[in-house]
Structures are given as structure tokens and as C-alpha cells.
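Visitor: I would like to go through this structure and ask what lies behind each label.
Guide: Go ahead; each answer will set a value against its definition.

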Amino acid sequence: MNRRIASLMLSSALLAGPSLAHAALPDAATLYKNPQCGCCDDYARHLEEMGVDVTIVDDADLNEIKSAAGVPYGLGACHTIEMGNYWIEGHVPMEALEALYEQRPDADGIGLAGMPIGTPGMPGQKQDDWDVYRFTDGESAPFMTL
């Protein structure tokens with residue numbers, strides 16, 4: 001009997017694991033992008049697969065959005081996301097998003113400069129490490145490397 005209960009508990013934990021892994025992410029996000037950028041739409045779809053309802057805005061002044069968000073000069077990417085109490089710059093992998101919302105650092109947000117191959121929304125195989133940075137008031141610091 002004890003084995004059966006232990007087995008049921010383990011099975012329940014394993015089944016709940018994938019849904020709990022993304023529990024820290026906010027329910028909604030707003031993605032600001034250029035209307036011609038398809039990889040941004042792919043990133044939005046990736047967030048939606050993680051359970052986030054994404055509103056896409058493709059008629060905003062991206063420079064103004066990035067400035068208001070505090071994205072450091074030279075570390076921008078093709079889209080900027082407002083998600084919960086943070087800003088997300090670029091194709092940030094889900095592991096970094098989950099870490100952000102679990103750790104909740106005192107920062108404006110996190111970002112991944114450019115459009116690295118293999119990140120969510122970008123086709124191809126990962127070629128290099130991804131250096132995700134955190135930022136506050138236009139200043140950056142390392143957050144994590146994936």
C-alpha cells in the first residue's frame with residue numbers, strides 16, 4: 001500500500017511539473033515591434049505556448065519605448081516587451097524569463113542584445129553562449145549566461 005501511494009505521489013508530481021515550471025510567468029504581455037518583423041511574431045507565439053496572452057503593438061515608436069523602458073544604448077534588439085513589472089528586450093530564452101520572475105531582482109528588466117540564432121523566434125541551431133543582461137535606468141549588468 002505504501003508503495004502505491006508513493007508511486008501515485010511521484011506520478012502526480014511529474015505530471016504537474018511542466019505546468020508548474022511556468023507558473024511564475026505573468027498572464028499577459030505587450031510586445032512592441034516593427035510591423036515587418038516576423039521573428040517578433042514567432043517570439044510572441046512562443047510566449048503564448050507558455051501560457052502568456054500577448055498583445056502585439058506594431059505602430060509604436062520603438063526608440064521611445066526602449067528609452068522609457070531603460071534599455072541600455074547599444075544593447076537593443078528587434079522588440080521590447082512589457083510583462084508584469086519588468087521589460088524584456090529581445091529574444092530572451094524562457095530559462096532567463098523564469099529566473100527573472102522567480103528571483104524578482106531590483107531591475108527594470110532583462111535583455112538579450114541582437115537577434116541570436118537559435119533563441120525563441122529565431123531559426124537555426126544555437127552557435128554561441130547567450131549573455132542575458134539585466135538593466136536599470138539605462139545601465140546593464142550580467143544576469144545569466146545560457
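Visitor: Where does Asp137 lie, and what makes Asp137 count as exposed?
Guide: Asp137 lies in the loop between β6 (131–136) and β7 (139–145). Strands here are DSSP runs of E with at least two residues, helices are runs of H or I with at least four, and both are numbered from the N terminus. Exposed means over 50% relative accessible area, buried under 20%, and partly exposed in between, with a 1.4 Å probe and protein chains only. Asp137 has 66% relative accessibility, so Asp137 counts as exposed. Asp137 also has a positive phi of about 50° although it is not a glycine.

Visitor: What are these values based on?
Guide: This is a predicted model, in which local features need pLDDT of at least 70 and side-chain atom pairs count only at pLDDT 80 or more, while totals for chains, interfaces and linings use all residues. Residues are numbered from 1 along each chain as its sequence is written, and side-chain values use heavy atoms, with hydrogens and water left out.

Visitor: Why is Arg104 called partly exposed?
Guide: Its relative accessible area is 47%, so Arg104 is partly exposed. Arg104 sits in the loop between α4 and β5, and its phi is positive, near 50°. Most residues other than glycine have a negative phi.

Visitor: How do you know that β3 and β4 pair?
Guide: Pairing requires at least two bridges found by DSSP. Strand β3 (residues 79–83) and β4 have 4 bridges, in the antiparallel sense, and Ile81 stands opposite Ile88. The two strands form a hairpin with 2 residues between them, and Gly84 in the turn has a positive phi of about 65°.

Visitor: What joins β4 to β5?
Guide: Strand β5 (residues 109–111) runs parallel to β4, with 3 bridges between them. Ile88 stands opposite Ile110 in β5. The chain passes from β4 through helix α4 (residues 94–103) to β5 in a left-handed β-α-β crossover. A right-handed crossover would run clockwise from the first strand over the helix to the second, with the strands pointing away from the viewer.

Visitor: Which way do the residues of β4 point?
Guide: In strand β4 (residues 86–89), Tyr86 and Ile88 point one way and Trp87 and Glu89 the other, and all are buried.

Visitor: Why is the pair of Tyr86 and Tyr101 called edge-to-face?
Guide: Rings of Phe, Tyr and Trp (its six-membered ring) pair if their centres lie within 6.5 Å; planes under 30 degrees apart count as stacked, over 60 as edge-to-face and the rest as tilted. By this rule there are 3 aromatic pairs. For Tyr86 and Tyr101 the centres are 5.5 Å apart and the planes at 80°, so the pair is edge-to-face. Tyr86 is in strand β4 and Tyr101 in helix α4, so the pair ties together parts 15 residues apart in sequence.

Visitor: And why is the pair of Tyr133 and Phe135 called tilted?
Guide: Their ring centres are 5.9 Å apart and their planes at 45°, so this pair is tilted. Both Tyr133 and Phe135 are buried.

Visitor: What makes a set of residues a nonpolar core?
Guide: The members are buried Ala, Val, Leu, Ile, Met, Phe, Trp, Tyr and Cys residues joined through side-chain atoms within 4.5 Å. The largest such core has 29 residues, and Leu97 and Ile88 are among those that touch the most other members. Helix α4 gives the most to this core, with 6 residues.
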